[in-house]
Amino acid sequence: MISKWNYLPLTSDEQELEIELAKKFADSPAIAELLVQRGVSSVEEAKHFFAPSLSDLHDPFLMNDMDKAVNRLNKAMGSKEKILVYGDYDVDGTTAVALVYKYLRNYYSHIEYYIPTRDEEGYGISIKSIDMAVANGVKLIIVLDCGIKAIEEIQYAKDHGIDFIICDHHVPDDVLPNAYAILNPKLENSTYPYHHLSGCGVGFKFMQAFAMSNGLTNHNELYSLLDLAAVSIAADIVPMTGENRILAYHGLKRLNSNPNMGLRSIIKICNLTNREITISDVIFKIGPRINASGRMQSGMEAVDLLTSKDLSEIYTMAKNIDQYNKDRKELDKRITEEANQILESKSELKTNKSIVIYNKNWHKGIIGIVASRLTELYYKPAVVLTLSNGLATGSSRSVQGYDIYKAVDSCRDLLENFGGHTYAVGLSLKEENIPEFSRRFEEYVEKTIKPNQLTPQIDIDTYLKFEEITPEFLSCLKLFNPFGPGNQKPIFCTKNVLDYGTSKLVGKNSEHIKLELVDNNSGKVLNGIAFNMASYFDHIKSGKPFDICYTIEENKHPNNSNKYQLFVKEIRICSK
């Protein structure tokens, strides 16, 4: 599907700021423009942006109920109550549980952790887990990355003498659970300055407040766990802005210097040892392996891996989790193919603005990935459902700029449960309600989605001439890391480029193009790669000009002398 290329020029005021910033940073208007686009309004702010500091983190006690949460935790520890750390089975939940458990066990021994099973208990807090906690004498449960909608379950726990501290970041309903304390920066009356923390990030802020309240001045003890926070931020696709960017920046440093033993074992299995680990590596290699544990078996295994101190045990667990990921890939491929076959047989897909698809035999742990695949392929909001414990249970994913949470919320009277974010929602409903849900979901999407949201968009940050891509420019560009929503990897556009004469087809089926290009401003030759774009090869070799939009990537191949290359996202034939 051909994307629409968008470029939004700076305003006159922004252009003045760009000129000021360009004087300080490699005398580069392009670098200055990137900074302005990211809300940087002064040279001082640019320095903070390029060197995120842990001293710039907000006071955790600015978060609603933080004082109550810390006091209750201190009381539990002082009274030697049993504490249970509970979390969701995805990457954010398991890293959050590992972070909080690892930090508190330095000071307290009456503490355990628990991750619900996806198949038997499902998302969030289960009655089974509360019954288990009651039977084991637990008096306080710290729940991470879920719980904000568990009204009945938390009341059930309270009736049985258990207090809850909720550490969540999902969108709350109007009615909140009767928990002892609720830490969630998305509360309607939130007093916290930053609203986009991951679930693990909220857990980190809780531990930061706990440390402050108890005069624990060894910051390295807490900061050593930031590798877990970085993995959660990357894998949960939360905005890479504000505190998230600070936590991810320092967490990546930890991942690259001295990661916890569980993460180190995954890094080794991913063949990332002795290489600089990036956010992309976390998203595509480390995160999926941690997630595979909760998808295919039990999220408890992921926490076991991340908290274990036994090196031989750790590598055995890492190999198991790697196998789960391989199994997940095969299952994902098969179910996606089945989903595509169903959709291709439905004529209404061409006119519908959304996708709702159900198969009672699909694996519950894979449907979220399948929803993502369908959204990418058809560029429509997608809901994928399967049968689990007598209910149609599903995951939804959205396209850029469209709030799928509101679309699902519009059908809440048909649902048994739902929760999530703007771009991803989990839900469950009775099987007999699927047709009406499909109809009303489509009706809502059709009314609210904008035409441009149904077409892939490429947002171009700035236009570049090849002569501007200097070593100084590349050094400054590297400082924009870590990348993510709100600070995406810059996409550049260069117009009227030409084949230097040496571009060639590569790949097993000659489906890719290895490019060597020049533009019409200088004789500078730049290397690039265009995956699955062989259809443009004849035009490129004809010597006629074309436009490209691309990111600039470090070339990590050991046999390549070119340190950087253009990663071409799309090619456009120049109009006559």
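**A tour from Cys270 to a helix pair**

Select Cys270: leaving aside residues up to four places away in sequence, Cys270 touches Lys285, Ile286 and Arg289. Keep in mind that this is a predicted model. Now colour the neighbouring elements. Cys270 sits in the loop between α12 (261-269) and α13 (279-296). Is Cys270 buried or exposed? Its relative accessibility is 7%, under the 20% cut-off, so Cys270 counts as buried.

Next, the other cysteines. A disulfide is a covalent bond between the sulfur atoms of two cysteines. Cys574 is in no disulfide; the nearest cysteine sulfur belongs to Cys493, 9.3 Å away. Cys574 has 17% relative accessibility and therefore counts as buried. Move to Cys411. Cys411 is buried too, at 1% relative accessibility.

Last stop: the helix pair. Select α4 (residues 66-78) and α8 (residues 199-213). They pack at an angle of about 65°, and their axes are 10 Å apart. The two helices, α4 and α8, are therefore roughly perpendicular to each other. Their crossing is right-handed.

Show side chains where they meet. From α4, pick Met66, Ala69, Val70, Leu73, Asn74 and Met77. From α8, pick Lys205, Phe206, Met207, Ala209, Phe210 and Ser213. Colour this contact by residue type: nine are nonpolar, two polar and one charged.

Methods:
Residues are numbered from 1 along each chain as its sequence is written. This is a predicted model: local features need pLDDT of at least 70, side-chain atom pairs count only at pLDDT 80 or more; totals for chains, interfaces and linings use all residues. Side-chain values use heavy atoms; hydrogens and water are left out. Axes are lines fitted to C-alpha atoms, for helices over the stretch in contact, and angles run from 0 to 180 degrees between N-to-C directions. Helices (H or I, at least four residues) and strands (E, at least two) are DSSP runs, numbered from the N terminus. Angles under 35 degrees count as roughly parallel, over 145 as roughly antiparallel, 65 to 115 as roughly perpendicular and the rest as oblique. A crossing is left-handed if the near helix is turned anticlockwise from the far one by less than a right angle, and right-handed if clockwise. Contact means heavy atoms within 4.5 Å. Ala, Val, Leu, Ile, Met, Phe, Trp, Tyr, Cys and Pro count as nonpolar, Asp, Glu, Lys and Arg as charged, and the others, Gly among them, as polar. Buried means under 20% relative accessible area, exposed over 50%, partly exposed in between (1.4 Å probe, protein chains only). A disulfide is a pair of cysteine sulfur atoms within 2.5 Å.
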